[in-house]
Structures are given as structure tokens and as C-alpha cells.
Amino acid sequence: MSAPVVHSALPDPLTAAVDEVLRGAAVEHRAHGPRSPMRAAETAAGDDRAVALLGPFRSADVAEAVEATAPAGLPLLAPVATWAGVTRDDEPGCDDAARHGGTVLRLVARDTEVAARIAAWVRADGRRAVVVAGPHDYGVQLEGQLRMVGLPRAEHPEDADLVILCGLPGSPEIARAAALAPLPVVCFDGPQGADLGAGRDVRIALPVAPADDVRPGEVLFFVEPARRAAQLVVSALREGATDRASTLAAMRAAGPFDERGDPVDAPVWLWRADADWRLEADRAI
């Protein structure tokens, strides 16, 4: 096989981070940017020298991209995608799961794992939560995952110690959560920018740990998993991987990843949000 090539379909800041790792290891990088992820996937799948695709950024784009990459046996590393259906078909919200055929490796904790960490934290503190979830697919999915992982719940808001918000800005669940002030709020990724009430204790659970070059609220929030994805490819090639199958096997072992392609013990952190949704690291959960 000729010299291996790694393709990427990521926003420009993450592309730069990936490029730095790959070029530093003398691995050719073909960056497609974020605008046409399916075209990038098709191009990478058709490139005989390609050993991996890094990206796309969004979960929905990953699910579409595997329609091109999986039949070609091309490993796809998803640095940011959190939807459970990217890797699994057995959890709430996975009705139309990605058909990846074992070729996807996810670099961050999926939404179900974030829900499990929240539930464990609430349980360990001896507290109970009231869940406010939107009627949209995202809210229904997260509410189902919280039930699956056994979140301790209060029967009535007046008996709750906190609100768990599964919401999006502009949806009716935001007003419902705001009406439950002054209960503190812990939310999943999504409602950033929404008005939850002045002086409210608001934290957001995200699958990202603080680091020197992690910039909360920006795309570069995910620079670490993107860089990690590139490093996994480099390590696989250095260990002697010569084709797509051996590259996938080496990366899976090094991750480590479980049998579905999810990372083992991936970080989940609570980030405290101020009134302008500026984030500050609070604690690992």
C-alpha cells in the first residue's frame, strides 16, 4: 500500500488541531472542512490510500457519513458526536441508529453515559431531581435515558432538590424550568443562551474536561478529543497498521473502546454557567 492518508470533515479550528498532529507525524492529511460532510465521506471512502476519516462534527452527519464509509471498511472517528445512536441501537433515542458495522469509534461520552453520571452524582449526594424535558426528539431521548439509568426523582417539584433540564432554547420547557426557581438547574448540552432566571445556580453537564487550550463556549471546547482522534491514527500507523482493518483494530485496542465503539471511562464534567452562559469548570462526575 502507498503512504496512508487521513481525511477529516471538521470545523476549521478542529481541523487545525488535527493537522498539527498528523503533519507532525508526517502523515498526509486531506481536510474537507465542515460544509459537505457526506461528500467528504464519499471522497475518503473512495481513496485507496485512506485509512481513517476524522469527523464529521454533528451526530446526524456522522450517521449519514457511515453510509459511505462503513461499506468501504473505512474507520470513522467521531470526536464530538454524543447521540447514542452513533454507536448503539439499544438505548432510548436509537430508533434510526447509524449503520456503522463496527467501523465507528467515538471519542467522547455519549448522552446516555452523561445521563448515568448525572444520576450517580445525584444519588451519591442523597438528593432527588425533577426532570423538565422538551417534547422534541432530543428531550424525549434524554428523559428516557434518565429513566433507564435510574435517576432519583421527586414526585413533586416541592420535594425536589434540583431540576434536570433536557431542553433547547425557544422551546416551552425553558419557561417550565425557569418557573421552578430557585431550585438549582443541571442541564444537558442544548439550552445555552436561554433565560432560566436571574441569580440561578445553573450547571451544564458536558463530555469535556478542562485543559489549557480548551475554550468553553467555542468550537475549540472540543480540541482535546479531536487531537486525541488524530493521535490514535498516528499511533496505529507507528505500530505497523498497513490498511483500514489493521488501523481500526489498533485504534480500538489503544482507546480503549468498548465493543460498540464507545470510549471507556471518558470524562464528564459539570460546568458552571453565569448569566451570560460563560462557563467555568466545576467538577468531574
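## Terms first

Helices here are DSSP runs of H or I with at least four residues, numbered from the N terminus. With that settled, here's a look at a predicted model, starting with its pockets.

## The largest pocket

The largest pocket holds about 810 Å³ of space. Its lining takes in 29 residues, and S59, T82, W83, Y138 and D189 sit nearest the centre.

Sorted by class, the lining comes out as 15 nonpolar, 7 polar and 7 charged residues.

## The second largest pocket

Next up is a pocket with about 270 Å³ of space. It is lined by 20 residues, and those closest to its centre are L107, P225, R228, A266 and P267.

Here the largest share of the lining, 4 residues, belongs to helix α7 (residues 223-238).

## How α5 packs on α4

Back to α5, which spans residues 137-148: its axis and that of α4 (residues 111-124) come within 9 Å and cross at roughly 50°. The two helices are therefore oblique to each other, and their crossing is right-handed.

On the α4 side, the contact is made by D111, T112 and A115, while α5 brings Y138, Q141, L142, Q145, L146 and M148. That contact has 5 nonpolar, 3 polar and 1 charged residues.

Technical notes:
Residues are numbered from 1 along each chain as its sequence is written. This is a predicted model: local features need pLDDT of at least 70, side-chain atom pairs count only at pLDDT 80 or more; totals for chains, interfaces and linings use all residues. Side-chain values use heavy atoms; hydrogens and water are left out. Axes are lines fitted to C-alpha atoms, for helices over the stretch in contact, and angles run from 0 to 180 degrees between N-to-C directions. Angles under 35 degrees count as roughly parallel, over 145 as roughly antiparallel, 65 to 115 as roughly perpendicular and the rest as oblique. A crossing is left-handed if the near helix is turned anticlockwise from the far one by less than a right angle, and right-handed if clockwise. Contact means heavy atoms within 4.5 Å. Ala, Val, Leu, Ile, Met, Phe, Trp, Tyr, Cys and Pro count as nonpolar, Asp, Glu, Lys and Arg as charged, and the others, Gly among them, as polar. On a 1 Å grid over the protein atoms alone, a cavity is a set of points where a 1.4 Å probe fits but cannot get out, and a pocket is an open set with protein on both sides within 12 Å along at least five of seven lines; lining residues have an atom within 4 Å of a point. Grid points are joined across faces, edges and corners, and a volume is the space filled by probe spheres set on the points.
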